[in-house]
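User: Please take a close look at one part of this model and walk me through it in a connected way, giving the cut-offs behind each term as you go.

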Amino acid sequence: MNNQSITELRKKVKAKLGDNKNRYWHTIGVANTCACLAMRYNVDIEKAYIAGLLHDCAKCLPDDELLYECKMNSVEVTDFEYKSPYLLHGKVGALYARTEFGIDDDEICSSIKYHTTGKPEMSKLEEIVFIADYIEPYRNKADDLDEIRSIVFVDIEKAIYLVCEHTLEYLKANNKPIDKTTVDTFNYYHKIICERKL
Ligand code: DGI
Ligand code: FE
Ligand code: FE
């Protein structure tokens, strides 16, 4: 993709995110962070940047539209996602990446699909998008951000384990329902870290 195409992609994403300026700057922050992590972990920089740019392209859809898009495009919706349709912005984002943004790359689309819950055994690109979403420069909410930001450039698997642990603690403390995939991701990365210590 040439510079012109990337610029077009940025404009299209901006339009898709509507008036939500913070969401656009978050998107730019994730795309740039993905590119940096791609340099560190020998991943295709352009693919990482595009995945970051598109990861939240369906974020502004209300719950009923997320469910409608899934129904119309035969995207599977789990019982849990019916109850928490917000989680579908990854799956619908992956769909839009193909249908509205012309991205025909399975790995990019999968990174978008799983960016909220993660999944066990993510590819390096999937790991990069998952963690970039949490650490991008405009994020400032989590109290462990500084720690994660420094660890991720040394040990991305450990950083993912720490983010999953923090997210699960947050969801439990706020009585939010927890998707099985979020737990599976935590268990997988926890196991990797524990086995390394043996
Ligand atoms: O779209 P963003 O806000 O940039 O980030 P995201 O897509 O990673 O969403 C982050 C939120 O998703 C965060 O508040 C935690 C929440 N989340 C992650 N796993 C689960 C979850 N929420 C519920 N209810 N259940 C989960 O398993
Ligand atoms: Fe998201
Ligand atoms: Fe995001």
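Analyst: His-55 is buried, with a relative accessibility of 0%, where buried stands for under 20% relative accessible area, exposed for over 50% and partly exposed for what lies in between, with a 1.4 Å probe and protein chains only. The model is a predicted one, in which local features need pLDDT of at least 70, side-chain atom pairs count only at pLDDT 80 or more, and totals for chains, interfaces and linings use all residues, while side-chain values rest on heavy atoms, with hydrogens and water left out. Residues are numbered from 1 along each chain as its sequence is written, and chains are lettered from A and ligands numbered from 1 in the order in which they are written.

His-55 takes part in a metal site: through NE2 it is one of the residues that coordinate the iron ion (ligand 3), along with His-26 (NE2), Asp-56 (OD) and Asp-133 (OD), at 2.2 Å. Donors here are N, O and S atoms within 2.8 Å of the metal (3.2 Å for Na, K and Ca), and since water is not among the atoms, sites may look incomplete. Along the sequence, the donor residues of this ion follow the spacing H-x28-H-D-x76-D. Asp-56 is buried as well, at a relative accessible area of 2%, and Asp-133 counts as buried at 10% relative accessibility.

What does Asp-56 coordinate besides the iron ion (ligand 3)? Asp-56 coordinates the iron ion (ligand 2) too, and the two ions are 3.6 Å apart. The protein donors of the iron ion (ligand 2) are Asp-56 (OD), His-89 (NE2) and His-115 (NE2), which lie 2.1 to 2.2 Å from it, and their spacing in sequence is D-x32-H-x25-H. His-89 belongs to helix H6 (residues 89-99) and His-115 to the loop between helix H7 (106-113) and H8, so this pair ties together parts that are 26 residues apart in sequence. Helices (H or I, at least four residues) and strands (E, at least two) are DSSP runs, numbered from the N terminus. Both His-89 and His-115 are buried.

Arg-139, at 33% relative accessibility, counts as partly exposed, whereas Asp-133 counts as buried.

Helix H8 covers residues 124-135 and helix H9 residues 145-152, and their axes come within 10 Å and cross at roughly 145°, the axes being lines fitted to C-alpha atoms, for helices over the stretch in contact, with angles running from 0 to 180 degrees between N-to-C directions. Ile-131, Tyr-134 and Ile-135 of H8 meet Leu-145, Ile-148, Arg-149 and Val-152 of H9 in this contact, contact meaning heavy atoms within 4.5 Å. Six of the residues in the contact of H8 with H9 are nonpolar, none is polar and one is charged; Ala, Val, Leu, Ile, Met, Phe, Trp, Tyr, Cys and Pro count as nonpolar, Asp, Glu, Lys and Arg as charged, and the others, Gly among them, as polar.

Glu-81 counts as buried at 8% relative accessibility, and Lys-91 counts as buried at 15%.

The structure holds 14 salt bridges, among them one between Asp-105 and Lys-47, whose closest N and O atoms are 3.2 Å apart. Asp-105 is in the loop between H6 and H7 and Lys-47 in helix H3 (residues 45-54), so the pair ties together parts that are 58 residues apart in sequence. Lys-47 counts as partly exposed at 22% relative accessibility, and Lys-47, Asp-105 and Glu-107 are linked in a network of salt bridges.

Definitions and conventions. A salt bridge is a side-chain nitrogen of Lys or Arg within 4 Å of a carboxyl oxygen of Asp or Glu.
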